[in-house]
2 protein chains.
Amino acid sequence: MTTDAACSLLTIDLDAIADNWRRLRDIASPATCAAVVKADAYGLGIAQVAPALADVGCSLFFVATLDEGLRLRAVLPQVDIAVLSGLLPGTAGIFLRDRLIPVLNDLGQVARWRAETTKAGQNAPAILHIDTGMNRLGLDPQEASRLALDATLLDGIDIRYVMTHMACADMPSDPLNAEQLERFKAAMAGLPGLKASLAASSAIFLGRDHHFDLVRPGAALYGINPTPGKPNPMRQCVRLEGRVLQVRYVDSGEGVGYGASRRFSRPGKIATIATGYADGYLRALSNGSLAHVAGHRIPMMGRVSMDLLTFDVTDLPEGLVLPGGLVELLGDTYTPDDAAHDAGTIGYEILTSLGSRYARRYIGAGA
Amino acid sequence: MTTDAACSLLTIDLDAIADNWRRLRDIASPATCAAVVKADAYGLGIAQVAPALADVGCSLFFVATLDEGLRLRAVLPQVDIAVLSGLLPGTAGIFLRDRLIPVLNDLGQVARWRAETTKAGQNAPAILHIDTGMNRLGLDPQEASRLALDATLLDGIDIRYVMTHMACADMPSDPLNAEQLERFKAAMAGLPGLKASLAASSAIFLGRDHHFDLVRPGAALYGINPTPGKPNPMRQCVRLEGRVLQVRYVDSGEGVGYGASRRFSRPGKIATIATGYADGYLRALSNGSLAHVAGHRIPMMGRVSMDLLTFDVTDLPEGLVLPGGLVELLGDTYTPDDAAHDAGTIGYEILTSLGSRYARRYIGAGA
């Protein structure tokens, strides 16, 4: 049974993602290059994306939650998997059993992991997260100082890396970047002999002094521009095509969609597409996005509905848009970053919002 | 295996949804009351919601797509299921096999359904959709006139209802409402003997002349206020609780989260929650939403991250928010409509965006 004929279509290029990883690895070399595959690989499918990255040499993956870690472990039995949300009470046994690496976010988690691993007779791995200015997760300056004064607090834990995370790496001129870098170096000076990791996607492009021993790209793997304001060095890997349900003529003066928020000032033609905000096509794009058909731009007209989009196809050659056909909603011409700009958000949210009602197709060597 | 201890928690009250349906049914009586369960029952789970509604007497369900229809058919073998996106080329066989009712959106679909049902030797049901001003889906005025002139175009089809959909029913004073009502009555006059359906949630509250033979509530079932600007007559049915990952002290002058978009002007305290825009907590809520802990309001501080939220808990009594605990992100106090207001959208999008990383719990008789 397939109902593909009635679905919108999401195509994900695993070769492009693998290429992006190799490019980032080469830029960061000799630092190790991990891959961030949290949030279902930024909405693109961890069960397909992670194996494609493992195939080209990635051996350390970051996920956000314990559940994501378990899901990835089932897909890739051998790789290293780090869980960013940390070691919550009652979860240590699961981490040990499935060989997941907790990112320890405070001294309480350090102590708990130490006790558990000692009890289990293992020198189990962990990543230590030091906050340098995000104020979101990680050891605060006081805790980092305590650790520097008493390194025995880490006894029995195999600390693979000490990591921090930058708040403004996509804005190279922000003074917080230099501040975080200095704070991190100071913290590392108090933890001699340990490996360090600071850079996610954007910071990889801030130069060699940001690479340390490990880089952790996420967004850039998936084609989001890590250098906003400059040309995007990454390949696009997503193509979203919406199924045409109807093409209709509309009289001059008539409105389109809820609230009749936009009206035709001439006789017009509307193509109605089987995609809506329930598919993650953000409602903030109402009256403000573009689609493409055979190289022609078509502007959205009307509000984004739950299951439907309406585009103005008045100026398109007759017969180019027909019921059952497809229009391109995201792709090389109108990228997730472009849609993010029009929706007042970031490309990350465009990707992670991609819904479950699409027929998903994977292309590339790993597919 | 459960990792609930590390998850945010979404509780869905099936009794509240069933109560809402009964309330709408009573208001619309003697019209029949259907239920719109498209987009996975507005994000709340069609496999749980639809049976709960069937248990209290609902026997006609509307979904958006053919795939949703098939999914619901597998759950409820006996009820009537109508598919709003219509009869796309190549799908008639699936509709017939699974006894799904297509909503016919143009005369081409009417002709195709007629040919298929004749071929199959059935007098198969359909719903006819006439557009009266949305200009999104449905027969346009010219097509409706052709049908009025030649009723034989419907021969061999069991037209259960003729439906239309209103663009501004949530704004009772909008002149388009009266216009659509008149156009619909005129269209029905040309189709004598057929049953009619106009009202979705909001139009049910516009009075008896809007009820016709069938009403089709969606949003109101799920607690969205169908009468904006007036008290909400519906029960809330969603409670979203975010897991606390960390509680941290922040110095005066320090920023929180990406871009350090908000800074403390005094020493403060932040609770970091394991929910983010990848869970459908819209990024548009950055620095602009509320959560609740034991009756205390806590304001968001900083941007919504992919997997994390940060709330200012400086003024909370010590010990009320602890790692592993929960804060209420959505519920009776801060409803989906409230979050929608803060995000600049509608409650519908707040619900349909609810993601898959929550531990979901159903409560109520149907659970």
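Me: What percentage of the residues of chain A count as buried?

Reply: A residue is buried if 20 or more other C-beta atoms, placed from the backbone, lie within 10 Å of its own, exposed if 12 or fewer, and partly exposed in between. In this predicted model, 55% of the 367 residues of chain A count as buried. Local features here need pLDDT of at least 70 and side-chain atom pairs count only at pLDDT 80 or more, while totals for chains, interfaces and linings use all residues. Residues are numbered from 1 along each chain as its sequence is written, and chains are lettered from A and ligands numbered from 1 in the order in which they are written.

Me: How many helices and strands are there in chain A?

Reply: Helices (H or I, at least four residues) and strands (E, at least two) are DSSP runs, numbered from the N terminus. Chain A has eleven helices and 17 strands. Its C-alpha trace spans about 75 × 50 × 35 Å along the principal axes.

Me: Where does H129(B) lie, and why does H129(B) count as buried?

Reply: H129(B) belongs to strand β7 (residues 125–129) of chain B. H129(B) counts as buried because it has 25 C-beta neighbours inside 10 Å.

Me: Which residues is H129(B) in contact with, leaving aside its neighbours within four places in sequence?

Reply: Two residues are in contact if their C-beta atoms, placed from the backbone, lie within 7 Å. With those neighbours left aside, the contacts of H129(B) include V103(B), N105(B), L139(B) and M163(B). N105(B) is 24 residues from H129(B) along the chain, yet their C-alpha atoms are separated by 5.3 Å.

Me: How many residues does each chain give to the contact between chain A and chain B?

Reply: Chain A gives 59 residues and chain B gives 59 residues. On the side of chain B that touches chain A, the largest share, five residues, comes from β11(B). The copies meet through the same surface, because 100% of the interface residues of chain B are also interface residues in chain A.

Me: What rotation superposes chain B on chain A?

Reply: Two copies of a chain are related by a rotation about an axis and a shift along it. Copies are superposed by least squares on the C-alpha atoms of residues with pLDDT of at least 70 in both. Here a rotation of 180 degrees, with 0.0 Å of shift along its axis, superposes chain B on chain A (RMSD 0.0 Å). The two copies are therefore related as by a two-fold rotation axis. Among the residues of chain B, S353(B) comes closest to the rotation axis, its C-alpha lying at 3.9 Å.
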